[in-house]
Amino acid sequence: MGKSTPAAPDYTGAANAQAAASKENLMAQNYANRPSIETPFGSQTWQTNSQIDPTTSQAVTAWTQKNTVAPELQSALDAQISSQNQRSQLANSFMNRVGSEYAKPFDYEGLPAMTTGGTPGEIRTNVADYSPGLNTSFNFGDAPAAPTYDTGYRDRVAQSLMERMMPVQDYQNRQLQTQLSNQGFKLGSEGYKRGLDELAQRQAAERYNAYDTAGNEAQRMYGSQMGARQQGISEAMSQGNFNNQALGQAQGLDINAMNAMNAAQGQQFGLNQSYANQQNTLRQQALAEQAQRRGMSLNEMNALMSGQQVNMPNMPQFNTAGISQTPNLMGAMQNTYQANLDAANAKNAGISNAFSGATSLGSAFAFSDVRLKSNIRRVGIHSVGVGVYEYDIFGHRERGVIAQELQRVRPDLVRQHDSGYLTVNYGAL
């Protein structure tokens, strides 16, 4: 149905032709970039001769560059070479002296001896143990005993007050009775009885106050005794704390003395170390002086050998000719092949468009002939009992059925196109 793909071009022939053109271009470039140069400083010329390339056994052109210096420069160059030669001879004459100096070993006996700072003094870390002398318990045996609240003392005080109060209260009672009788109140009357009751209440309050005064006196006595005991305990504790404070002060003095001794030892060791470092520096300096004296002749000889070198004059630069490009035979051949391939694809696309246009002529009918499909892959099954496939057709990836399979179960959904290919009514499917 479509146009066949054009035949592949002869890439090997094109590559050989392009290589030959490149070789020819390179030969011309070599000649263009090797001009003869004439300057006031001298000249630069090129010579050629034919040689056999050992790697290919082919004849190749070998180039030889020749630089000629101007007579005045040549004379200066000869003088420079002569001066360099004389310096080399002078340096060579130092060999015996160098050998003599290097034959003498270092004199380590005359060097200052290596010195160390010595061993540091023993650091004191122990302090006298003052803990046995610390007071951790106190003897309160000399303090007054702990008092108790003496209810007997309270009762005795109350009894004493009551005894002094009773005659007074009896007198008050008799005086009131006499007064009531004089006022006309009869014994046993309401007024007589009320007067005696009021006196009895006042006397009862006085007796209660007597008991309260006795309790306060007993409490005062208890507080006085307890204060005496607290004072005794406080004195005992103060004496113990004073002793502990004295021990702590003694320990502090001991520690200060220890630290002072350790500091003095450290200072002395530092002085010893400084002295040792100074002595060792003097030893290193003596070694360096011997090494310098030993290598002086060798350094002088090397200085003569590494003096001014002979340098060739530099020729002026010129702009080299650019490399001309060889014809792109390979690209031209590929372009021609691509053009033929595009023409074939265009013609095949026209045929595909004709098929695509025919799809719309039969309403929902579309080409689904297996002969028009490629890269077919089954992805499922249709409800009518045929497979569902993915495939390439007319340059597109599509999904559908194969007309030949559907024709066996539903021939009413398949129609043959004028081109001879089968179409399927997907609208009714």
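This note sets out numbered points on the predicted model shown above.

1. Basis. The model is predicted, so local features need pLDDT of at least 70 and side-chain atom pairs count only at pLDDT 80 or more, while totals for chains, interfaces and linings use all residues. Residues are numbered from 1 along each chain as its sequence is written, and side-chain values use heavy atoms, with hydrogens and water left out.

2. Overall make-up. The protein has 7 helices and 9 strands; helices (H or I, at least four residues) and strands (E, at least two) are DSSP runs numbered from the N terminus. Of the 429 residues, 22% are buried; buried means under 20% relative accessible area, exposed over 50%, and partly exposed in between, with a 1.4 Å probe and protein chains only. The accessible surface comes to about 29400 Å², and carbon and sulfur atoms hold 52% of this surface; areas come from the Shrake-Rupley method with a 1.4 Å probe, and for residues only the protein chains shown count as cover. Among contacts between residues at least 6 apart in sequence, 67% join residues at least 24 apart, where contact means heavy atoms within 4.5 Å.

3. Aromatic pair W46 and W63. Rings of Phe, Tyr and Trp (its six-membered ring) pair if their centres lie within 6.5 Å; planes under 30 degrees apart count as stacked, over 60 as edge-to-face and the rest as tilted. By this rule there are 2 aromatic pairs. W46 and W63 make an edge-to-face pair, at 6.4 Å centre to centre and with 80 degrees between the planes. W46 is in strand 2 (residues 42-52) and W63 in strand 3 (residues 59-69), so the pair ties together parts 17 residues apart in sequence. W46 is partly exposed at 26% relative accessibility, and W63 is partly exposed at 24%.

4. Aromatic pair F367 and F394. The ring centres of F367 and F394 are 6.1 Å apart and the planes are at 85 degrees, so this pair is edge-to-face. F367 belongs to strand 4 (residues 365-367), and F394 to the loop between strand 6 (387-393) and strand 7 (396-400), so the pair ties together parts 27 residues apart in sequence. F367 is buried, at 5% relative accessible area, whereas F394 is partly exposed, at 23%. The backbone of F394 also deserves a look: phi is near 55 degrees, a positive value in a residue other than glycine.

5. Charges over rings. A charge sits over a ring if NZ of Lys or CZ of Arg is within 6 Å of the ring centre and within 35 degrees of the ring normal. K373 lies over the face of Y391, at 3.7 Å from the ring centre. R415 lies over the face of F365, at 4.0 Å from the ring centre.

6. Strands 5 and 6. Strand 5 (residues 374-381) runs antiparallel to strand 6 and is joined to strand 6 by 5 bridges; two strands pair if DSSP finds at least two bridges between them. N375 has a positive phi of about 50 degrees although it is not a glycine. N375 is placed in strand 5 and is exposed, at 54% relative accessibility.

7. Helix 2. Helix 2 (residues 71-93) has 23 residues and should span 33 Å at 1.5 Å a residue; its end C-alpha atoms are 33 Å apart, which agrees. The expected span is 1.5 Å times one less than the number of residues. The buried residues of helix 2 are L77, Q80, Q84 and A91. An α-helix has 3.6 residues a turn, so residues three or four places apart point the same way.

8. N280 in helix 5. N280 lies in helix 5 (residues 190-305) and is buried, with a relative accessible area of 17%. Its neighbours within four places in sequence left aside, N280 is in contact with A113, M114 and T115.

9. R156 in helix 4. R156 is found in helix 4 (residues 151-182) and is exposed, at 52% relative accessible area. From R156 to A218 the distance is 9.9 Å, C-alpha to C-alpha, and the two are 62 residues apart in sequence.
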